[in-house]
Structures are given as C-alpha cells and as structure tokens.
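Student: Could you go through this model with me, starting with the charged side chains?

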Amino acid sequence: MPGPRRDRPAVLLLLGALLAADLYFHLWPRARRELAAIAPGCPCRRRLLPAPAAPPPRSRAASALRRLFAHPLYRAAAPRGPAEPLLGAREALRYYRRKAARWNRRHKLYREELNLTSPAAPLPLRPEASWLQFHLGISRDGLYPRSSPTVNRLLRDMQDFTTISADYSQDEKALLGACDCSQIVKPSGVHLKLVLRFQDFGKAMFKPMRQKREEETPEDFFYFVDFQRHNAEIAAFHLDRWEVNPLYCNTVREIYPYSNGNRLLNIVDMAIFDFLIGNMDRHHYEMFTKFGDDGFLLHLDNARGFGRHSHDETSILAPLSQCCIIKRTTLLRLQLLAEPEYRLSDVMRESLLQDRLAPVLTEPHLLALDRRLQLILKAVRKCIDTYGEAKVVANDTTQPEAPASDRVKLTT
C-alpha cells in the first residue's frame with residue numbers, strides 16, 4: 001500500500017487555520033452577544049431578552065419627508081442646457097432587443113435538452129419597462145432626478161415581478177475564471193451575490209440576509225471580514241436621496257483630475273455619505289467615463305455600512321477634514337437636515353417605512369445619523385474658522401435661492 005502523502009499535514013494545518021479564523025471572527029463574537037443578552041439572576045431556564053421594539057414615528061415626522069423634498073434646496077435645479085443622456089434611446093432599444101432574443105433562443109434550447117414539451121411563449125422586451133426607462137434617464141447630472149416617478153415604479157416591479165433566472169455576478173465569474181470579464185475594473189467580493197433576471201428582462205443584485213438588524217459589529221472585528229448587510233444597501237439608497245497626513249490634500253490638489261472640475265468635491269460628498277453610514281470599505285469609486293472629468297460618482301456597494309451605531313469612525317471624513325472644501329449645496333442641505341423640522345433621523349425613518357422590508361434600520365442606527373451629522377458640521381466649522389468661508393465653501397449653486405423664511409445660513 002502506498003505510504004502517507006507528504007502534503008497531508010499541510011492540508012490539515014490549512015483547514016485548521018481556516019476553522020480557527022471562522023471561530024474567532026464569526027462564531028465566538030456571535031456567542032458572546034447571545035450570552036450577554038441572557039437575563040442575569042434568572043433561576044429559571046435561560047432565555048434571551050427580547051430586543052427593544054423601535055418606537056413609533058414621532059407625530060412631527062409624519063410629513064417631514066414631504067416637507068423636505070418641497071424645500072427649495074431639494075427642488076429640481078434649472079437645467080444648464082440640453083440634458084446629455086448616457087444612452088441613445090434608439091441604440092439602447094436595439095441592443096436590449098438583441099439580448100432578449102438571445103435569451104429566448106437559449107431558453108428554447110434549454111427546454112429542448114430537458115425534453116420539456118409544454119409550450120413556452122418567448123418573453124417580449126417592453127420599451128416601457130421601468131428598468132429600461134431608468135437607463136434612458138441617466139444623464140450627466142445624475143442617475144435619476146429626485147422627482148422621477150420611474151424609481152418608485154422600478155422598486156415596485158422588483159418586489160412583484162417573477163424571477164426567470166439567476167446567475168453569479170460578473171466579478172464572481174472573473175474570480176472563478178469562468179469568463180474574461182475584461183470590463184470589470186477590480187474583481188472582488190467575499191460574500192454570495194446573485195444576479196436575478198425578471199420577467200421583463202430587468203436585473204437586480206441579490207444579497208442574502210446574513211445578520212439580524214439589531215446585531216452590531218463587534219469591537220474586535222477587522223472591517224474587511226465584517227458581514228455585508230442587506231439592510232445597509234437598502235438604507236444607503238434611502239439616505240443617498242441627499243446627503244493621516246494633514247498635508248496630503250495639498251499634493252492631491254495639484255494632480256489631474258483633482259486639480260480642476262468637481263472631482264475632489266464629489267469625493268468629499270462621498271466621504272460624508274460613507275461617514276453617515278459608517279462604511280469603511282470604499283476602496284475605490286466608479287463613474288461613467290462618457291461624461292468626462294465632471295461626471296458624477298456612483299455610490300455602489302454599501303453593504304458594510306451601518307455596522308456599529310455606537311462608534312463614529314472619523315477617519316472616513318479625511319477628505320473633508322484634510323482638504324477643507326465642500327459644496328455650498330451640500331453644506332446647506334446638511335444644515336437643513338440638522339434643523340428639528342427636517343431632522344435626518346425623522347425623514348430617514350419615514351422614508352424607510354415605505355420599504356417592504358421595514359423596519360430596515362433599528363432606532364439606534366437612526367439616532368446615530370443625527371450624531372454623525374453634527375460631527376460633520378463641526379468639521380466644516382473648524383475648516384471655516386481656520387481658512388475662511390470663501391476658501392472652504394465652493395459655490396456650485398445652480399438652483400434658485402431659498403426664500404428668506406426658509407433660508408439656511410452659513411453662520412459658524
């Protein structure tokens with residue numbers, strides 16, 4: 001009989017190391033949280049204390065979201081000229097019709113291989129499909145205007161439509177060597193993600209629920225091994241409908257493309273957004289290259305946000321605190337969301353209640369938004385005190401000024 005293989009101990013050591021890492025980073029922190037929740041001094045059978053229920057929305061927040069979007073700072077800005085769309089309608093329809101026809105042909109061959117005799121009519125591509133109208137609405141100014149009805153219709157369709165197929169995402173295929181995927185900038189990801197295709201040929205990214213809403217990231221967790229949370233993606237979408245070298249920024253300002261245009265200001269906006277949700281996983285950013293250097297940044301992949309409501313990671317604000325520059329419209333909106341009538345936690349709570357998975361965030365996470373907002377405004381005040389308002393606040397206002405009664409002042 002052949003002797004023992006020499007590489008068997010190495011394999012066993014590797015498996016043991018992986019098991020130990022899983023126990024230390026995932027199972028042991030979960031066990032500690034479960035044990036900490038046990039009622040102390042109870043002589044009866046040990047049981048967990050129920051999680052505190054989120055308090056009902058305050059009465060003054062009943063229409064806070066509507067008031068916020070009616071405020072002059074949130075009204076649609078006057079167009080700077082003819083909108084420059086990302087996609088041409090005729091070319092896009094031709095492209096998507098070819099993809100739909102290809103899918104129908106493959107589906108027919110698949111049914112024939114399985115000897116399925118029941119007839120299956122080919123699925124048509126509807127030009128009025130919400131996802132297609134969303135794609136056609138993308139322009140230089142953003143993914144969609146704030147007043148667009150297409151987004152709400154798209155969300156309803158994703159909830160109600162039948163899923164006709166599921167597949168790995170392109171980055172996972174690239175990591176597995178299943179495709180060339182040359183269009184992928186940086187294949188990444190350590191959690192399961194599936195691409196779902198609906199009956200109208202729309203697609204959505206599926207991320208499974210890995211944690212309960214009330215679970216907080218343990219203190220000894222390294223952020224890169226933290227779970228990706230499905231509710232963080234949902235809450236980040238609702239929040240996005242607004243929003244250690246101190247000399248490092250001086251060097252960045254001299255480097256293209258940060259030396260002109262809005263790129264640096266857009267990065268500061270994204271840092272503010274990430275700080276509000278507690279996302280430390282923004283290792284790169286995406287944008288549409290068709291619109292050149294002034295294109296807007298895409299706020300994608302927010303699943304590691306909302307991990308710890310009790311901790312504020314101020315290092316995320318490094319672009320703001322080091323560069324000391326912010327858009328005037330961003331500052332005005334942040335100051336507005338700090339006012340009691342438009343409090344950020346209230347409008348977020350109301351917005352999230354419209355989601356089918358409500359409550360998406362627990363109350364401590366909502367209150368953390370207000371606390372972090374004050375830290376952002378404090379950082380801006382410090383910059384203004386140091387360099388003056390003229391150098392810190394960049395004038396990007398292209399929309400009508402607020403009435404005197406509703407105007408938010410830039411006082412420090």
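Tutor: Let us start with Arg 328, which counts as partly exposed because its relative accessibility is 22%; here buried means under 20% relative accessible area, exposed means over 50%, and partly exposed lies in between, with a 1.4 Å probe and protein chains only. Please keep in mind that this is a predicted model, in which local features need pLDDT of at least 70 and side-chain atom pairs count only at pLDDT 80 or more, while totals for chains, interfaces and linings use all residues. Residues are numbered from 1 along each chain as its sequence is written, and side-chain values use heavy atoms, with hydrogens and water left out.

Student: OK, and which side chain does Arg 328 meet in a salt bridge?

Tutor: That of Glu 389, at 3.9 Å from N to O, where a salt bridge is a side-chain nitrogen of Lys or Arg within 4 Å of a carboxyl oxygen of Asp or Glu. This pair links distant parts of the chain, since Glu 389 sits in helix H14 (residues 389-392) and Arg 328 in helix H11, 61 residues apart; helices (H or I, at least four residues) and strands (E, at least two) are DSSP runs numbered from the N terminus. Glu 389, at 31% relative accessibility, is likewise classed as partly exposed.

Student: How many salt bridges does the structure hold?

Tutor: There are eleven. In general, side chains of opposite charge can pair when their charged atoms come close. One of the salt bridges joins Arg 140 and Glu 84 at 3.0 Å, N to O. Arg 140 lies in the loop between helix H4 (130-136) and helix H5 (150-160), and Glu 84 in the loop between H2 and H3, so this pair ties together parts 56 residues apart in sequence.

Student: What about Asp 200, is it buried or exposed?

Tutor: Asp 200 is buried, at a relative accessible area of 4%, whereas Arg 126 is partly exposed at 28%. These two form a salt bridge whose closest N and O atoms are 4.0 Å apart. Asp 200 is in the loop between strand S2 (194-198) and strand S3 (203-206), and Arg 126 in the loop between H3 and H4, so parts 74 residues apart in sequence are tied together.

Student: Changing topic, which residues touch the most other members in the largest nonpolar core?

Tutor: Ile 272, Leu 320 and Leu 344 do, out of 49 residues; a nonpolar core is a set of buried Ala, Val, Leu, Ile, Met, Phe, Trp, Tyr and Cys residues joined through side-chain atoms within 4.5 Å. Several elements supply at least two residues each, including helix H9 (263-277), helix H12 (344-352), helix H13 (363-387) and strand S7 (393-394).

Student: And which one gives the largest share?

Tutor: H13 does, with nine residues. Another core of 18 residues lies apart from this one, and Ala 92, Trp 131, Phe 296 and Leu 298 are among its members.
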